[in-house]
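Please look at the model below and follow its chain with the text beside you.

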Amino acid sequence: QVQLVESGGGLVQAGGSLRLSCAASRSIFSINVMGWYRQAPGKQRELVAGITSGGTTNYADSVKGRFTISRDNAKNTVYLQMNSLEPEDTAVYYCKAVQFSLPGNRNYWGQGTQVTVSS
């Protein structure tokens, strides 16, 4: 089991920056994939960015070049640096941990943090 707690959300003007943090209750060294998702009102939850235990990253096309995901295994924390924010980035942002396992992967979610970008 792992509990995830997000922080760093808030209200920011378009063009501004925020850094989200996702703190895990235990070591994330063995967590295979950590990711950030977001869900805007009336929309489905979508992947924003992911990072593997080896450091490989992937991003949604809509955030490439603006957002950066990173992980600090020593601090059991994953970050999402968000620059050049746009009103379309407004959503609740969730942290997810994926532990590869058999017969099925174990998925853990945080409670979410609100990001609001004003125009």
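Pro 103 sits in the loop between β9 and β10 (106–109). Strands, like helices, are DSSP runs numbered from the N terminus; a strand (E) has at least two residues and a helix (H or I) at least four. The peptide bond that joins Leu 102 and Pro 103 is cis, with omega about 10°. Most peptide bonds are trans, and most residues other than glycine have a negative phi.

This is a predicted model, in which local features need pLDDT of at least 70 and side-chain atom pairs count only at pLDDT 80 or more, while totals for chains, interfaces and linings use all residues. Residues are numbered from 1 along each chain as its sequence is written, and side-chain values use heavy atoms, with hydrogens and water left out.

Two residues other than glycine have a phi worth checking. Ser 84, in the loop between β8 and β9, has a positive phi of about 50° although it is not a glycine. With a relative accessible area of 41%, Ser 84 is partly exposed; buried means under 20%, exposed over 50%, and partly exposed in between, with a 1.4 Å probe and protein chains only. Asn 76 lies in the loop between β7 and β8, and its phi is also positive, near 55°.

β7 and β8 form it with four residues between them, and Asn 76 is in the turn. Strand β7 (residues 67–72) and strand β8 (residues 77–82) run antiparallel and are joined by six bridges. Two strands count as paired if DSSP finds at least two bridges between them. Phe 67 has Met 82 in β8 as its bridge partner. β7 has two faces: Phe 67, Ile 69 and Arg 71 make up the covered one, while Thr 68, Ser 70 and Asp 72 make up the uncovered one.

Strand β4 (residues 33–39) is mostly covered, with five of its seven residues buried. β4 pairs with strand β5 (residues 46–52) in the antiparallel sense over six bridges, and Arg 38 stands opposite Glu 46 in β5. Six residues lie between the strands of this hairpin, and Gly 42 there takes a positive phi near 75°.

Which other strand pairs with β4 in the antiparallel sense, and over how many bridges? The partner is strand β9 (residues 91–99), over seven bridges. Tyr 37 has Tyr 94 in β9 as its bridge partner.

Strand β9 also holds Gln 99. Is Gln 99 buried or exposed? Its relative accessible area is 16%, so Gln 99 is buried. Leaving out residues up to four places away in sequence, Gln 99 touches several others, among them Arg 26, Asn 32, Asn 105 and Tyr 108. A contact means heavy atoms within 4.5 Å.

Now turn to the start of the chain. Val 5 is in strand β1 (residues 4–7) and is partly exposed, at 46% relative accessible area. Apart from neighbours within four places in sequence, Val 5 is in contact with Ser 21, Cys 22, Ala 23 and Gln 111. Val 5 and Val 115 are 110 residues apart along the chain, and their C-alpha atoms are separated by 15 Å.

Ser 21, one of the contacts of Val 5, lies in strand β3 (residues 18–24). Ser 21 counts as buried, at 15% relative accessibility. Leaving aside neighbours within four places in sequence, its contacts include Val 5, Trp 36 and Tyr 79.

Finally, consider the chain as a whole. It has zero helices and eleven strands. Its radius of gyration is 14 Å, close to the 14 Å that the globule rule gives for 119 residues, so the chain is as compact as a globular protein of that length. This radius is taken over C-alpha atoms, and the rule is 2.2 Å times the number of residues to the power 0.38. The C-alpha atoms fill a box of roughly 45 × 30 × 25 Å along the principal axes.

Buried residues make up 43% of the 119 residues. Among contacts between residues at least 6 apart in sequence, 55% join residues at least 24 apart.
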